[in-house]
Amino acid sequence: MMACIQFLLLFCSFMYIFNTSPSCAQIPSSPIRSLVLPVTKDPATFQYLTTIYHGTSREPIRVVLDLGCPSLWLDCSSGRMSSSRRLIPSCSIQCAAAKPNNMSCAFSAAMPTRKRTACGLSTENSITRSATRGEVVEDILTVQSVDGSKSGPVTTVDHFLFSCAPRFLLNRLARGAQGMLGLGKSRIALPSQLASKFGLQRKFATCLSSSDGLILFGHEPGYDSIFGTEISRSLMYTPLVTSPDGGGSSQDYSINVKSIKINGKRLSLRQKGIGGGTKISTTVPYTTLESSIYSTFIEAYKEAATNNYFLNMTVVAPVAPFGLCFSSKEVPSSMLLGPMVPAIDLVLQSEMVKWRVHGRNAMVPVLDEVMCLGFLDGGSKSKTSSSIVIGGFQLEDNLLEFNLGTSMLGFSSSLLTRHTSCSDYHTRMMQSTLKDS
C-alpha cells in the first residue's frame, strides 16, 4: 500500500515538473527554441554571476552560478517581498519533485489528519560548504529568449520551484549576491525546469569570460546562430561520468581524465594515475590537483619551462596561493593565446580527445613582470572529493555543452584560437535587456 502511494506521489511530481502546457509560461508567437542568461565575473571573488528576474514585478536578483548546485536558492528576506511567491507544503507533488527520494511522504499520505508543514530542502553554499534547511517555494521567473543571433522577447515561467534560505548562507558570496543559481542535474535545477516548461532539449552551454559571458539553454539552431556552425559543430565530446568510488556529489559534472601531458610529454603519476573523476566547477577559481598529482605536475611543468631552448623561463619566488611562478619579462606573448608557455593537455577517453590549456588559461599575472601557474594544490583526496577540479580560470573562453539527455560534455578548447571569445558572443547577444522589454 505504501509503495503504491509513494509511486503515485513520484508519478504526480514527474507530471508536474514535466508539464509543458502553455499555461505554465507566457509563450511568444513563435516557439521558444533557446534561452539565454548573461554572465559577469566579479573581480573581487572571481565568482560568476547572473541576474534573474522573479515575481510579477520582475524584481532583479543577482546570484552566483554553481554548476553542481541542485536548485536555485535565495535569501528571500532581501529586497522586496514578491506577492506571487507561494510556500510549498510538505508531501505535495511539488515537494516530491524537489525531494524525489523522500520516504516520509508515503506515511503522511496514509494519514490525512497529519499536520502539513513547509517543504524543507537541504540548501548549501558550496563556497563555504555550509548547509542548512531551506523552504521550497514557487514563483514566477522571467527569462530572455533567443532570436537568431541576438536576444529575443522575454517569457515567463510560472510555478518555478526554488528554496528560501537563511541570510547567513550568503557568507563569502560576491557583493550584492542574494543566492546561488544551480545548474545541476536535479529536476528542479534551472536546466531541467526550463526544458520541461518549454519543451527544450535537456542541455545547456556555458561560455565564461574574465569580463562578460553567457549561458545558453535549448536546441542546436540557437547554438549555430550564436556561436557559428564552424565552432558549434566542431566540438569534441567526452562522457559525463559518476565517480566509481563515490567522490563528489551526484549533482556534479565530472569527466574522466586518463592522463596529463605537458608539451606533449605524459606525466608519470604514482599509484594508479588519476582516480575519482575530474569535476568541472564554476565556484573554484583555479584548477586544483590532489597533492601527489600536483607535486608531479609542477615539477614536470618547471622542467618543461626552464630546460627548453626556445623558452628558458626564469622561476621566481611563489606568490600565494600559487606554488610556481615565473618572470614574465622575456616571455613572448600572443595577442590571442597569451604567454607562449608549455601547453597542458588533459587526455580523455583516447589520445585523440584532449582538452588543451594554452598560456591565457594557464598563467595568471600577479605582479609587475611576474606570472604564476594557475593550478593549485588541492590537498589529499578524500572519499568524497575529486582528484582534479577544473576551475573557472581554465574554463574561460571555452565553449562547454552539458547534455543531460545523453550524459555527454562537448568542449571547444580555447575559442581564442578561432579569433573570437565569450565576451564577443555576449556583446553580440545582449543588444537588449530584460528591463528594456
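Analyst: In this predicted model, two strands pair if DSSP finds at least two bridges between them.

User: What makes strand S10 and S11 a pair, and in which sense do they run?

Analyst: Strand S10, residues 203–207, is joined to S11 by four bridges, and since pairing asks for at least two bridges, the two strands count as paired, running antiparallel.

User: Why is strand S1 said to pair with S11?

Analyst: Strand S1, residues 34–41, meets S11 over seven bridges in the antiparallel sense, and because at least two bridges are enough for pairing, S1 is a partner of S11. Within this pairing, Leu216 of S11 stands opposite Val36.

User: Why is S11 called mostly covered?

Analyst: A residue counts as buried when its relative accessible area is under 20%, and six of the seven residues in S11, which spans 212–218, are buried, so the strand is described as mostly covered. For the chain as a whole, buried residues make up 54% of the 437 residues.

User: What makes S18 and S24 edge strands?

Analyst: The open sheet of four strands has the order S18-S19-S25-S24, with antiparallel pairing. Strand S18 (315–316) and strand S24 (363–367) each pair on one side only, and that is what the term edge strand refers to here.

User: Why do S18 and strand S19 count as paired?

Analyst: S18 and strand S19, residues 325–327, share two bridges in the antiparallel sense, and because the requirement is at least two bridges, their pairing just meets the cut-off. Val316 has Cys325 in S19 as its bridge partner.

User: Which residues and elements line the second largest pocket, and what makes a residue part of the lining?

Analyst: A lining residue has an atom within 4 Å of a point of the pocket, and 24 residues line the second largest pocket, of which Ser210, Arg360, Met363, Pro365 and Phe393 lie nearest its centre. Strand S21 (338–339), helix H8 (359–362) and S24 each supply at least two residues of this lining, and S24 gives the most, with three residues. The volume of this pocket is about 440 Å³.

User: How many residues of this lining are nonpolar, polar and charged?

Analyst: The lining divides into 11 nonpolar, nine polar and four charged residues.

How values were computed
Residues are numbered from 1 along each chain as its sequence is written. This is a predicted model: local features need pLDDT of at least 70, side-chain atom pairs count only at pLDDT 80 or more; totals for chains, interfaces and linings use all residues. Side-chain values use heavy atoms; hydrogens and water are left out. Buried means under 20% relative accessible area, exposed over 50%, partly exposed in between (1.4 Å probe, protein chains only). On a 1 Å grid over the protein atoms alone, a cavity is a set of points where a 1.4 Å probe fits but cannot get out, and a pocket is an open set with protein on both sides within 12 Å along at least five of seven lines; lining residues have an atom within 4 Å of a point. Grid points are joined across faces, edges and corners, and a volume is the space filled by probe spheres set on the points. Ala, Val, Leu, Ile, Met, Phe, Trp, Tyr, Cys and Pro count as nonpolar, Asp, Glu, Lys and Arg as charged, and the others, Gly among them, as polar.
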